[in-house]
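Please look through the structure below, one chain at a time and then at the places where chains meet.

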Amino acid sequence: MKQIISIIAIVTIGFVLWQLVPIAMPSGFGAVTHHYVADGLKDNGGSNLVTSIVVNYRGFDTLGEVTVLFLSVSGAAFVLRRRSGLEVQEPVPASEIVQTGARMLFAPIVVFGAYIFVHGHLTPGGGFQGGAVIASGVLLLLLANRDRALPHGLLSWVESLSGFGFVLAGLAGLIVAGSFLANKGVLPLGQWNRLVSAGVIPIIYILIGLKVGSELSVLLDVMVHAAGDEEAN
Amino acid sequence: MNIVTWLNLVDLLVCLVVIISAIGAAVHRNLLAATVFAGVVSLAISFLFLRLAAPDVAMTEAAIGAGLSTVIFLIAVRRTEEVEGKDQ
Amino acid sequence: MVNPILLIGVPLAVAFLLPLVDMLGRRTARAVHLLTLAFELFVAGEWLVQFLHGAAAVNIITGGWAPPIGINLRLGPLEAALVCLAALTGIGSALYLAHHEEVGSLRGLVIQLLLVTGAIGLIMTRDVFNTFVFLEISGIGTYSIVIFGKERSALEAGFKYIALGGAASTFFLLGVAFLYKITGTLNLDDMIHKLPMAVVAGTGTVLLLLMVGIMSELKLFPLNGPAIDLYDGVEPGVMALIVGTTVNALFFVFWKISALYTGPAWAAMFASVGMTTFLVCNVLAIRQTRVRRMLGYSSSAQIGLLVFLVPFVKSGEVALSAIALLLVNHTFAKAGLLWLAGTHGGEKIKEWKGAFSDSLALRIALATFVLAMTGLPPFPGFWGKWQALVGLAQHGHGWWIGAVLVGSLFEFVYYFGWLKEALTPAETVPRGAVGSPLSEVFGSLLYAGLAIALGAKVLMQVWGGFKTPAIFLGAAGFVLLFIRALPERFKAALTLVAVAWVAWGVFAGARACPLWDIRGFFLVMVLFGAFVISVAGLGIPAERGSFWGLFLILVGSIIGILYSSSLLGFFAGWELMTWSSYLLVSQGRHGPKAGYLYMLFAAAAGLLVLGGMMVAESAGVTTLAALVSLSGGVALAAWGLLAVGFAVKVASWGAHIWAPGAYAESPDLFTPFLSGVISKIPIFGLAAVVARIAAPSVATAISSISVAHILGWVGGLTAFGMTLLAVFQEDMKKLLAYSSVGQVGYVVLAMALLTPLGWTAALYYAVNHFLFKGLLFLAIAGVIYRTGVRTFADTGGLIKRMPLSFIAVLIGIIALAGVPPLSGFAGKWLLYEALMDKGWLFLTAFMMLASVMAFLYCFRLIHSIFLGQLKDKDRNVREAPWPLLLAELLMVIPILALSVRPQLLIEPLQHLVTGVFGVPGVRFASAATMTTHFGYFNAAAMMALVVVLFLVLLFILLTVGPKPTKVKQLDIVYAAEVPPSPEELQYAWAFYRPYERAFAPLLKARVTAFWHGVVDVVEGVAEAGRRFYTGNAQTYVLYSVLFILVLAAFGLAR
Amino acid sequence: MPLGIKIAWSFLGVLVAIAYGLVIAGIIRKVMARIQGRIGPPVWQQFIDLGKVIFQRTATRHGWMFYLAPIFRAGGGIGLYLLIPVVIGVPALSNFSFNGDLLLVMYFIFFGSLGMALGAADSGHPHSPIGISRGLSQMTAYELPFALAMVALAAQVHSFSIHDIIMAQQGGILHWNLFANPLAAIAAFIAFLGMNMYAPFNIVGAPQEIPVGPPTEYNSIFLSLMMSGRAILAVAKIVLYMDLFLGGAHSILAAFVKTIIIYFWSVFVGAVFPRFRTEQAVRFFLGWPTVAGIAGVLLVLIR
Amino acid sequence: MMAGNELYVATGLIVILIGFATVLVKRNLLKIVIGFSLIDSGTNLLIVALGFYPGRTAPIVNNPDMLANRASLLVNTAKVVDPVPQALVLTAIVIGVGVTALMLAYVVRLYATGKTLDVRQFGRMKW
């Protein structure tokens, strides 16, 4: 009965939402968007406009987003903490090939992830994507070596300091340019399409990458080990 | 038929893949399979993101939506049940 | 000033660093956490002070870009206040949770801090998508922290909450994205500006999605299922944190975003959804047996009320401060209650018996929060509700006011039901704060203190400063509440001094205020009554330490009523009187149960009075004096509501069922005041409030009938019905209770005459009743104090042991019966003359019957206690303590004076009545003979006649015939048998059995059955209604979808 | 008229009224006996009884409240008598009636009963309170028709003054309230039966079952005062009825005739009907007599 | 041929609806989470499609002259798609994975306490 109502409700709401399709049709840019597109390069010196928006114009969102990730990882760890009645998973030893392969692949993967977020202001990709790539390296390690813990101390330091660094970068903007997370006026914007350009954007994006990478790694670790491995504290 | 039309056809096809996989994810009783279907949805969508001139989003969706998310799902499935109960 | 961005930046940085800080030790981490919150409080508080001194709100830009290019935040007075609240609650909860190992862990600390930060972000941000981000922070923070609680319950509740939250954030995100598409901006202010010009087909749907997203976060009906589970399942300290941070912030988000919603359709939607939530949740809360679940429903209801008010505030009809006060009030009280609930640990309401009986501060805090939650003064919610209702009234939203009042009544039902349990002494060792460290209860005490301080501040704006008698006595009482070490008799002496001091001040300044206007008249009665009670308190120690403090507060509140010239001041005093007397009633042995019933009816009376005042406000009337300007339907409605309200408060027939319990079970020391003084305040209300409105007439099928006449019959029925019931009581206090209510019925009847003579009769009768009923209750208090029993079957023959008490009762009942030569007859005489003068013939005869019936219980009272056979167990009973006798003497003297010279009272009344009607009530044919149109009466001559007859006959008795020998107690004519023991000889039980049989048809408890029926219906509705919350996560998500569809069906999706 | 002379006249009036009351009580006993086929006591038997109790050799008492019953009983009767004008136009026989109106009189009727109840209850004898319980119950019951009748009369005359009521009845027998408002009169006269506690409403004293109800423990001078009080109370009530319904009296002779008529009304009823139990009495008075009283008031309202 | 982005918008909507259907109809906790994941994906697709302009390129400036030349910058506004929805979705994806992870953690815990994934077994708190 409830399921029938549900289906009917979903179909009905489908019709309601269908009204929105015309709104979704292409229309001109608004003034704000126009500014982003027209002046994004001038403002921030990075060629990737999305990055400009994510890190500078709407950098505050991104700070929040990093917080969300931090919070949800903390939350998941909290939910899956010790004494939560979960069975400890028996470690299934991975095969020698996987273990060796994992160890060999880990470093290149991390380097690749770092590459992605270092170039975030120039090319597609950035902190999130790079962070995710790093996390996939960690996943590989986890798959290979379930019984051996990750370098928690290191992860913890990276996790904390990168987030703190993000806030510090914001505060630097506040102190130097009078506005939290400001870019213009804090560091020189540099030349177009250079690695070292776009002011603080690459720095922040690197921090984001580290933050996301470490967070996702911890998340994977938490999910895999759950009760077997207590939250850092 | 020019290239644009072809690409449009591909888009249509991918969209169909998205929808079918989504239905698969919704109905398949094997939770591992359903998870994989969900991953396919994400992957196909990340392709669509590319077509929507959103490489950044595409990368993110591929890495996080299709990759990481799926992995977490798989871990969760492994830690619980792999098959949906009969009356569920 | 500190840059407000740091309000978010600093806690974020600290949260990120906390895992590193924790390596230095958990204590350090906790300290850093607390320091951060203190920093927030300091910064926001500093800004708040600036804003209150008129500083403009500040805009904070981020990324170096002014809005709408960049994201901006705003800190204004509202924001600063909310941030302060969030920080304060954060501190309170942090201290509380520090005692709960797990949530006090590192992760717990991080999540707590981020919850506060998320809320601050929600409060300050002016960007729609940024709002979404902070919504997610708050949401995830909540999802994470709620896991702390009872394992499975918290898990279940948390999952449901995530599920609904997931749906909600999808709706919200879709709404934001489409709004961006429509307006081309994400900045809220920009969007508000651009949206009206950019409306396209489907905009309504987009707005609807956004709104449903917010509404389900706000836990409005029907989307509040998971939230209520959360309250139930999650550690209450955590919920307190969420209430103080997220809930407030979400409401503020709603407030900000609602600027996008223009037009009457949306306003109607907000109002309807809010009010539905308020009503439904309050009704459903009634049937809850679990404390925190009940609190959950209450929270939903309160937020519903706030949401309801938003469109009216937007339209300028209701003052913004109304919402602010209500929100602050809710935060204080709800967070405080949750902390207390956690400290106490009782999950079921039943487990709260004797709660915190070892901690005065916590008990005061609990009472404060319950009073604040139910919108009683002086707490902020009261003023907020008043402002809200005034705004609604002035713009013709009468039905909405009615709905608010009905919903509020339900609040009283469940909150005071809970308080009743808490006030009931526990049979076993009570649970409570045994050894709870100060830091755990710090938050509750802080919030209780803030609620009191804030409330008192507003009250003093309304009533005046410490120099006014009302505030002075209230403050003195409040101080006295906390003094535990002093003996009760000493506290009584302090009370005596305080009352005497105020009385001296009042009467010394009497030249300034005409004492013999209606206020002065009641003022004398109140102060005299309070004085007598304090004297009696020197003899009988109060049983509870809070007696005298509450008593002073009560007296202060009554004086506040009398002094008030505005409707608000009057009503504030009225409600203060309600709760302080309620708490005093609850101090009796079975007081909490009786007090609960008392409170319910008093609350209903208060809401009726409030409704009547709102009708007056709707006509622009704000002072008592301006009530005369009312006319037509407004006058009828105001008159009716106020009169019914006052009639309920005097326990008129139909609403009388609260009275016997409240009178009988209240502390013996308090009952004289309850019966003597408090029952007169509604009479003051009739005189000073209702009577100012020209009594309108109601057209009926036959002829139009004055509403005053109806009120007169209510009074008459009360007088008759209560007298009849009093006759059959087996409990001396219950007998006097029914008698009291009946006697006040006469007063109501006489007031309703609205003639000079009628008022003379009413006020004379009121004073007389105050004197003799106070006297009787005092004397009975002495008897109970000495014998320890209250039922007639357990006493008898006490005249031999307590002759002075006997004389007091004798004088009391003769005055009560209205038999010449004592003062009571003048009251009866005036009443009948007035009734006949008005032409209410049937009522005259009816009242004559009722008066004669009073003889039955009068005799019963004195006989069963003092006459007949002295019981063996009472052979060593001593006379009542001398202070009590002194108090009785203080009452006896005026009675005797009035018996000889009723003019002592009548003459001032002549002035008073002339002041009101322009003509005096009676005339004096000679110095001693009163005349009316109908008759005449010379009290002095009559007294002389009686005294002479008495002396002559006594002389005959003593001189004629043989000298009588005194015989022993059992030496009676007993058919030549040896009489059995005194216990068997005393004819005291079921004294009027034949009479009872004769009146059997009238005595069926119809009224009680009626109220039981009402209760059954309400509980039935609540019981059926709460099935709506099936407990299934999917159902709740389905509700959110259906909610959109329903609203779309109402045409909002355009 | 100087107060001293007035007091003297009143004192004389009281003595006469007591004697008259005792005589008619004797008459009623005689008549009742004859109706029941007995010879019955002599008419002056009441005087013999009174003398007997006064000169009893021993007297006993209980507590000090015990004294109150006779005083209140006699005081109530005398006071009531003193507040009612016996013969209009003769100041000496209008007593102290200018100090209070009908309302005062109505309340003074209770004065004696209540006082006696208080004193009697002090004796500790269970029969006293039982009798009081019955008496008070009955008192409230007849009060309703009585009050209705009084209200009707007062409304009719627009005064509670007994003088005004008498004056309004002058000018012929049809102006008597007995005929001017027969419904109120019916109510009042039925109430009268209960008020005097004559048969069939005499369960209070309840001869045969309980020795003598409230006065059970009394003897000697106590009892004699009570008997006197009872006698004058009866007379006072009859005089009141005469004033209210039979147009008062302009001479002592008229007063004598009219009071005898009223008295025999109650004797006649008492001889015909069996005694009511308390609850029956209560129900009875709240039934048709009340309806009659209401109708009497309506009659006034319609006029 | 459709010239706009209806296809993507429609696909996004349908995925959202399928996700909702899963959440409402399926009783398996994991399936419900999968449903939410589908809703997220659909929403993201929908939002990116909102900012799509057929025929335009990704919002990346690939001509250095633009810095100097205001006019060509303005031309650029007609060449690239709207970057804002992309930025929003970037954020939304990360938030989505966070929420999903938390939900899964809940599911794992619920399973540990109840040894079942049937959502009906977790409705003991009600009314």
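The radius of gyration used here is taken over C-alpha atoms, and the globule rule that goes with it is 2.2 Å times the number of residues to the power 0.38. For chain D, with 303 residues, a compact globule would have a radius of gyration near 19 Å, and chain D agrees because its own value is 19 Å. The C-alpha trace of chain D spans about 60 × 50 × 40 Å along its principal axes.

Before going further, some conventions are needed. Residues are numbered from 1 along each chain as its sequence is written, while chains are lettered from A and ligands numbered from 1 in the order in which they are written. The model is predicted: local features need pLDDT of at least 70, side-chain atom pairs count only at pLDDT 80 or more, and totals for chains, interfaces and linings use all residues.

Chain D has twelve helices and one strand. Helices (H or I, at least four residues) and strands (E, at least two) are DSSP runs, numbered from the N terminus. Along the sequence of chain D the pattern is α-α-β-α-α-α-α-α-α-α-α-α-α.

Chain B has three helices and zero strands, in the pattern α-α-α. How does the radius of gyration of chain B stand against the globule rule? The value is 15 Å, well over the 12 Å that the rule gives for 88 residues, so chain B is more spread out than a compact globule. Its C-alpha trace spans about 50 × 25 × 10 Å along the principal axes.

How confident is the prediction? The model as a whole scores ipTM 0.89 and pTM 0.93. For single residues there is pLDDT, the predictor's confidence in each residue, from 0 to 100. Chain B has a mean pLDDT of 86, with 92% of its residues at 70 or more. Chain D averages 83, and 96% of its residues score at least 70. Within chain D, the lowest element mean is 80, in strand β1 (residues 60-61), and the highest is 89, in helix α12 (residues 288-302). Chain E averages 84, with 85% of its residues scoring at least 70. In chain E, confidence is highest in helix α2 (residues 29-50), at a mean of 93, and lowest in helix α3 (residues 65-68), at 59. Where pLDDT is low, the predicted coordinates should not be read in detail.

Now consider which chains meet. Two residues are in contact if their C-beta atoms, placed from the backbone, lie within 7 Å. Six pairs of chains are in contact, and of these chains C and D share the most contacts. Chains A and D do not touch, their nearest C-alpha atoms being 64 Å apart. Chains D and E do not touch either; there the nearest C-alpha atoms are 53 Å apart.

The contact between chains A and C takes 60 residues from chain A and 56 residues from chain C. On the side of chain A that touches chain C, helices supplying at least two residues each include α1 (2-18), α3 (31-44) and α8 (152-177). The most comes from α5(A), with 16 residues. This side of chain A divides into 31 nonpolar, 22 polar and seven charged residues. Here Ala, Val, Leu, Ile, Met, Phe, Trp, Tyr, Cys and Pro count as nonpolar, Asp, Glu, Lys and Arg as charged, and the others, Gly among them, as polar.

Two packed helices are described by the angle between their axes and the distance between the axes. Axes are lines fitted to C-alpha atoms, for helices over the stretch in contact, and angles run from 0 to 180 degrees between N-to-C directions. The axes of α8(A) and helix α1 (residues 6-21) of chain C come within 8 Å and cross at roughly 160 degrees. α8(A) and α1(C) are therefore roughly antiparallel (angles under 35 degrees count as roughly parallel, over 145 as roughly antiparallel, 65 to 115 as roughly perpendicular and the rest as oblique). Residues meeting here include Gly163(A) and Phe164(A) in α8(A), and Gly9(C) and Phe16(C) in α1(C). By class, this contact of α8(A) with α1(C) has ten nonpolar, five polar and one charged residues.

A second pair joins chains A and B. Helix α9 (residues 201-225) of chain A and helix α3 (residues 55-79) of chain B pack at about 15 degrees, with their axes 9 Å apart. α9(A) and α3(B) are therefore roughly parallel to each other. The contact of α9(A) with α3(B) has nine nonpolar, no polar and no charged residues.
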